[in-house]
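Subject: Structure for you to look at

Hi,

Here is the structure I said I would pass on. Have a look at it first, and my notes on what turned up follow below.

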Amino acid sequence: MAEAELADALRGYLDHLAIERGLAANTLTSYRRDLLRYRDVLGSHGVDQVTEVTQHHVADFLVRLRTGDADHPALAASSAARAVIAVRGFHRFALREGLTETDPARPVRPPRPPQRLPKAISVTEVTALIDAAGQGSRTELMLRDVALVEVLYGTGARISEAVGLDLESIDLESRTVLLSGKGGKQRLVPLGSCARAAVEAYLVRARPALVDSAPTGTGPIGRPRRTTDRCSALFLNARGGRLSRQSAWTALRAAAEGAGVRAEVSPHTMRHSFATHLLEGGADVRVVQELLGHASVSTTQIYTKVSVEHLREVYATSHPRARVVPPAI
């Protein structure tokens, strides 16, 4: 296979991604850029046939991605991983299409980005944030925002799960919330007393007014109808429709600013704080796994690292001999 044929093979793979896989234009642009760079690296080795590519060549491509060269800066692990994934996909395609009898890229694994510890805010900051959410100009939205923040922190719900709650999803009598997570998986989560009180206050004193704020339309037989006649959402926006993720994010950010919380606060911050504070309080990691809706306990165990750091801090400040300088031997 000549160099032009290698280009044809790469072009055929990109056509496969665009037509059969239906990848987005931006993704295709990234793949094309990565594969052209890969072709140049192979050319520097004198390789102009797919059958000549070895594991060594693919591994060298990864090294160059990470170290950079005169024409390209070094890439972060996430960007390098994307390029290696593109190359691995190309070689699987070449093997499947009979262009080669081996897959030299299979043993070369994409680099894993460094695992970042979740950012959690303190219990004091959570309390200040909730208090700030209750300082608004419109009582209905103030009560809604307090209930929203209490539910996010009190249940560890993802933002999509929180705004996706319907009235029937929450049972104030049994103090439980039915959350619908990824893949449609549902889990029943306890609702703490503070969150329960906030939701009850919102339902009694705020939600009816938000329903009344909905614009009216004309029904099929000319009768006025409200756009929320069929809206079963728990959290409503100012026009009586289901609260969007973006609006919920905005409300949370405004509360954080009002509370003077310096850390960047997002809906996921509340989820991280929920898990971290539970573990710091002695909760079993598998219980937290169930509450968060993680399929694997290994996903939840990242929070235990945060708790270990907390334990180190407590130990260092509390144990009588933790900071004593030992005598020289």
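Let me start with Leu-42: setting aside neighbours within four places in sequence, Leu-42 is in contact with Leu-6, Val-47, Val-53 and His-57. Please keep in mind that this is a predicted model. Leu-42 belongs to helix α2, which covers residues 25-44. Its relative accessibility is 1%, and buried means under 20%, so Leu-42 counts as buried.

Next, the aromatics. A pair of aromatic rings is described by the distance of the centres and the angle of the planes. The count of aromatic pairs comes to four. One of them is Tyr-13 with Phe-90: the ring centres are 6.0 Å apart and the planes sit at 65°, so this pair is edge-to-face. Tyr-13 is in helix α1 (residues 3-20) and Phe-90 is in helix α4 (residues 77-96), so the pair ties together parts that are 77 residues apart in sequence. Both Tyr-13 and Phe-90 are buried.

Tyr-13 also pairs with Phe-93, and here the centres are 5.4 Å apart with the planes at 45°, so that pair is tilted. Again the link runs from helix α1 to helix α4, so parts 80 residues apart in sequence are tied together by Tyr-13 and Phe-93. Phe-93 is buried, as is Tyr-13. Taken together, Tyr-13, Phe-90 and Phe-93 make up one aromatic cluster.

Now for the sheet. In what order do the three strands run? The order is β1-β2-β3, in an open sheet with antiparallel pairing. The edges are taken by β1 (170-171) and β3 (186-190), each with a single partner strand, so one side of each has no neighbour in the sheet.

Going through the pairings, β1 and β2 are joined in the antiparallel sense over two bridges. Ile-170 is found opposite Val-177 in β2. The hairpin of β1 and β2 has four residues between the strands, and Arg-175 takes a positive phi near 55° there.

Leu-179 has Arg-187 in β3 as its bridge partner, while Leu-178 has Leu-188 in β3. The hairpin of β2 and β3 has five residues between the strands, and in this hairpin Gly-183 is the residue to look at, with a positive phi near 70°.

Last, a helix pair. Helix α6 (residues 139-155) packs on helix α11 (residues 267-280) at an angle of about 45°, and the axes are 7 Å apart. That angle makes α6 oblique to α11. The crossing of α6 past α11 is right-handed. Which residues meet across this pair? From α6 there are Val-149, Leu-152, Tyr-153, Gly-154 and Thr-155, and they meet Met-270, Ser-273, Phe-274 and His-277 in α11.

That's what I have for now.

Cheers

Note on methods:
Residues numbered from 1 in each chain as written. Predicted model: local features only at pLDDT ≥ 70, side-chain atom pairs only at ≥ 80, totals over all residues. Heavy atoms only, no water. Phe/Tyr/Trp six-rings, centres within 6.5 Å; stacked < 30°, edge-to-face > 60°. Buried < 20%, exposed > 50% of the residue type's maximum accessible area, 1.4 Å probe, protein only. Pairing = 2+ DSSP bridges. Contact = heavy atoms within 4.5 Å. Axes fitted to C-alpha atoms, helices over the stretch in contact; angles between N-to-C directions. Parallel < 35°, antiparallel > 145°, perpendicular 65-115°, else oblique. Left-handed = near helix turned anticlockwise from the far one by under 90°.
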